[in-house]
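Here are my notes on the model you asked me to look over. Have it open beside you as you read.

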Amino acid sequence: MDFIPGTKPEANLAEPGLWFVFDNGRLLIKTRRGEQGLIIPAGRELEESGITLTRKQFIGSLGKRPCYAAAIEGDKTPPGGFALKPLLTLLTQLDEGLIWAAGRANQLIHWEQAHNYCGACGSRIEDKADEQAKICPQCGLVNYPRVTPAVIAAVMKNDQILLARNNQARVPYYSVLAGFVEPNETLEECVRREVKEEVGIVVENIRYFGSQPWPFPNSLMIGFTAEYAAGEIQIDSEELSDAGWFDKDSLPRIPPPLSIAGQLIEWFVKNRSGV
Ligand SMILES: [Zn+2]
């Protein structure tokens, strides 16, 4: 079932609401014995549990079920029958509709918790009545939910793909290159700059591939394919521990296909091998 994002509940949402409750990137789930899979709690179950919620808000719907986001107030220890799990570890376990709802919830709650005061005058800010934003009652500064764009690019040279291993990665994946967009930069310039900075390669024929929200906490990954134009691999050792050209039969450990990085590599394997 598809998740439909929204900011105000419509009257046809007659079924009990689903609550996506977060604490510091961890999602509250029910863990009752005998019930299979991960269960997102309903409002009544939360009331009975004694968990105190704050920053409650409507985020959209799944079929006729309204979906809400909230943060836990006070004691963060989940009561019996509940657990807090890092959202990133649940990606392969939740249904797709629930993933989209949980990602939106995490992104909004993280933004809310990081924006309590006006950045210009320091006054306490309030919800803006007519749109999803915060407004300062003193100076009128408006603050919208933060989305941070980042490019991710599959660079190809004949029948090989450029993959690199990040210094900081917790898992030993090789992946395509990625980096955050800088102020007043086009996405194509960002692809060129990031690839040059990280591996010393010049690219051309930059083409849009697709995009994916990455709500950890607020990235939007914008994917591209690009062709090698010039240069030899010289890694930026601050960022990377290794990089190289790989053909489809000798790929190292790569990210799963649920991420756009995995989808870019999958696209290479299907479309570019044997060029
Ligand atoms: Zn202000």
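The points below go from the whole protein down to single strands.

1. **Ground rules.** Bear in mind that this is a predicted model, so to speak of local features takes pLDDT of at least 70 and side-chain atom pairs count only at pLDDT 80 or more, while totals for chains, interfaces and linings use all residues. Residue numbers start from 1 along each chain, following the sequence as written.

2. **Overall picture.** The C-alpha atoms fill a box of roughly 60 × 55 × 35 Å, taken along the principal axes. The protein has 5 helices and 15 strands; these are DSSP runs numbered from the N terminus, with helices being H or I of at least four residues and strands being E of at least two. Of the 275 residues, 31% are buried. Buried here is a neighbour count: 20 or more other C-beta atoms within 10 Å of the residue's own, against 12 or fewer for exposed and anything in between for partly exposed, with C-beta atoms placed from the backbone.

3. **Contacts along the chain.** Among contacts in the protein with a separation of 6 or more, 65% are between residues 24 or more positions apart. A contact means that two C-beta atoms, placed from the backbone, lie within 7 Å.

4. **Domains.** There are three assigned stretches: domain 1 (3–114), domain 2 (116–144) and domain 3 (148–271). The bounds come from an automatic or database domain assignment. Between domain 1 and domain 3, the C-alpha centres lie 32 Å apart, and 9 residues of domain 1 are in contact with 6 residues of domain 3. Helix 3 supplies the largest share of the domain 1 side, 5 residues. That side has 3 nonpolar, 6 polar and no charged residues. For the classes, Ala, Val, Leu, Ile, Met, Phe, Trp, Tyr, Cys and Pro are nonpolar, Asp, Glu, Lys and Arg are charged, and the others, Gly among them, are polar.

5. Which order do the 6 strands of the open sheet follow? They run 1-4-5-2-3-6, with mixed pairing. Strand 1 (3–5) and strand 6 (82–86) are the edges, each pairing on one side only. From one strand to the next, the twist averages 35 degrees. Two strands count as paired if DSSP finds at least two bridges between them. In general, strands of a sheet pair through backbone hydrogen bonds, either parallel or antiparallel.

6. **Strand 2 and its neighbours.** Strand 2 is mostly covered, with 5 of its 6 residues buried. Strand 2 pairs with strand 5 in the parallel sense over 5 bridges, and V21 has A70 as its bridge partner there. With strand 3, strand 2 runs antiparallel over 2 bridges; F22 is partnered by L27. The hairpin of strand 2 and strand 3 has 2 residues between the strands, and N24 takes a positive phi near 50 degrees in it. Strand 3 (residues 26–30) also pairs with strand 6, antiparallel over 5 bridges, where L28 stands opposite L84.

7. **Helix 3.** This helix packs on the six-stranded sheet, touching strand 1, strand 2 (18–23), strand 3, strand 4 (53–62) and strand 5 (65–72). Its direction makes about 145 degrees with that of strand 4; axes are lines fitted to C-alpha atoms, for helices over the stretch in contact, and angles run from 0 to 180 degrees between N-to-C directions. Helix 3 (residues 96–114) has 19 residues and reaches 27 Å from first C-alpha to last, close to the 27 Å expected at 1.5 Å a residue. The expected span is 1.5 Å times one less than the number of residues. Its buried residues include L98, W100, R104 and H110.

8. Another open sheet has 3 strands in the order 7-8-9, with antiparallel pairing. Strand 7 (126–127) and strand 9 (142–143) are its edges. Strand 8 (residues 134–135) meets strand 9 over 2 bridges, with K134 opposite N143.

9. **Strand 14.** On one hand, strand 14 (residues 219–230) pairs with strand 10 (residues 148–157) in the parallel sense over 9 bridges. On the other, strand 14 pairs with strand 13 (residues 202–214) in the antiparallel sense over 10 bridges, and a hairpin joins strand 13 to strand 14 through 4 residues.
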